[in-house]
Amino acid sequence: MQNSDTNRASLIVGLQWGDEGKGKIVDHLAQEVDFVCRFAGGHNAGHTIVTEGKKYALHLVPSGILNPNAVNIVGNGVVLSPKDFIKELEQFDNIEGRVYISDKAHLLLPYHALIDQAREKLKGDKAIGTTGKGIGPAYGDKITRVGHRVGELLDPEKLTQDIMNYFNIYRPIFDAMGVETPNDRDLLADLIEYKEKLGLYITDTTLMVWDALDNNKNVLLEGAQGTMLDIDHGTYPYVTSSTTISAGACSGLGISPHTIGEVIGIAKAYCTRVGNGPFPSEDLGKDGEYLREKGSEFGTTTGRPRRCGWFDAVAMKHAVRLNGVSNIALMKLDVLDGLDSIKVCVAYEIDGKEIDYVPYTLDGVKPVYKEFKGWAKSEGAREFSKLPKEAQDYILELEKMCGAKIGIISTSPDRDDTIIRD
Ligand code: GDP
Ligand code: IMO
Ligand code: MG
């Protein structure tokens, strides 16, 4: 039975289309936590941390890695590419005892990426614009119950045989797509290397998280991607293949909803999206270009230019409700510095009617904007009272529109340029 004194975990979740700045906030909060746990996605994520002038791009390793006292957990809800995980770990020292991978996480192997890329090519102008990392095919194998789990890496000979059997069944599909499958000798060599390098970290992480909570440790749950990319609640089919919303933390780590305390939603002070799919408040003019250049809006994982536009208060209200957000961290306020006027999407127009909720599809939806006066400089501010009056007004208005407190404001990529409101 769950201990009634069990501590509650805090959860970080993206509220838009990803890249909101989750990495910076997880790193900021991770300075005081004992455990940081990733619960969804794979190396499609790119979480950037900037500290003491040094920049780290994390894809699979949880963002607590820069706190020498934090234990980092890759939960069962993640799809793990051993090759990419090993490469990412190489940039950090003294990781023994600080990184663990769930034995129930599913393996993402190179053939998943090849299938992802082949499918995207076949879709032509209907392509999703995936990261090409193999996320959809790896989750697809999991859901159709033909996937392989991290725990199987501990017996590379048996796993090789099982994957060869899988190829025997699916090879006609691989062949039709022009995707080459490895031979058993090369596959075995790779799997042996993965076992040597990762075997030490593979364990039952659910038990570890339960134990941490029972012992009143501070646990932070790190979401990946964003609410509007969620497989159920996002702009399907232009979404990723996992449950990105806060509910995903329960199944993606093996914890109950009762153990989740504060939900911190991360949102940019404007909006971006990478890949295809509807984006009602996208600005294709000079303001969108200004946001892209000033905000360095180029993908951390793929380098693709991000589509840019205005804060969408309708989608935000939806995301606050879906995730049970108690506190919003508003990121990249400084990127709006220098604009004369700032727009916020406050309603959608659809078939000549205005609505204030997210409909079945955002295709063809037009934004209804409210305009705000711009300001000269918020960059580097560390106190709310030091922000220009117009920036303060902007934040207070957004707070009313979204239905959650904006308790954290970020004014530069640096860990310390962060305002915490009472
Ligand atoms: P994540 O995927 O949500 O972790 O976000 P990304 O790391 O993909 O993208 C966010 C980008 O914005 C990174 O390059 C961060 O260094 C940067 N960033 C985060 N907070 C701020 C901020 O307040 N101001 C500015 N100018 N950049 C920021
Ligand atoms: P973080 O964690 C932004 C997008 C891709 C594509 C769609 C499907 O850094 O916020 P996939 O490769 O997952 O099948 O691609 O999802 N996407 C992201 N966009 N940030 C991310 O992660 C993303 N992860 C996936 O661009 O549109
Ligand atoms: Mg990112």
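Helices (H or I, at least four residues) and strands (E, at least two) are DSSP runs, numbered from the N terminus.

**Ground rules.** I am looking at a predicted model, where local features need pLDDT of at least 70, side-chain atom pairs count only at pLDDT 80 or more, and totals for chains, interfaces and linings use all residues. I also note that residues are numbered from 1 along each chain as its sequence is written, that chains are lettered from A and ligands numbered from 1 in the order in which they are written, and that side-chain values use heavy atoms, with hydrogens and water left out.

**Entry one: ligand 1.** I looked up what surrounds ligand 1 and found 20 residues, each with a heavy atom within 4 Å of it. Gly-21, Lys-22, Thr-48, Asp-334 and Ser-410 are the closest. Helix H1 (22-30) and strand S3 (47-51) each give at least two residues to this shell.

**Entry two: polar contacts.** Next I checked pairs of N or O atoms within 3.5 Å. The side chain of Ser-410 has an N or O atom 2.4 Å from an oxygen atom of ligand 1. For the side chain of Asp-19, I noted 2.9 Å to a ligand 1 oxygen. Ser-412 uses a backbone N or O atom, 3.2 Å from an oxygen of ligand 1.

Where does Thr-244 lie? I found Thr-244 in the loop between strand S10 (219-222) and helix H8 (248-253). Thr-244 is buried, at 1% relative accessible area; buried means under 20% (1.4 Å probe, protein chains only). Beyond its neighbours within four places in sequence, its contacts include Val-13, Phe-39 and Leu-229, where contact means heavy atoms within 4.5 Å.

How values were computed
Buried < 20%, exposed > 50% of the residue type's maximum accessible area, 1.4 Å probe, protein only. Polar contact = N/O pair within 3.5 Å; in protein donor to acceptor, adjacent residues only side chain to side chain.
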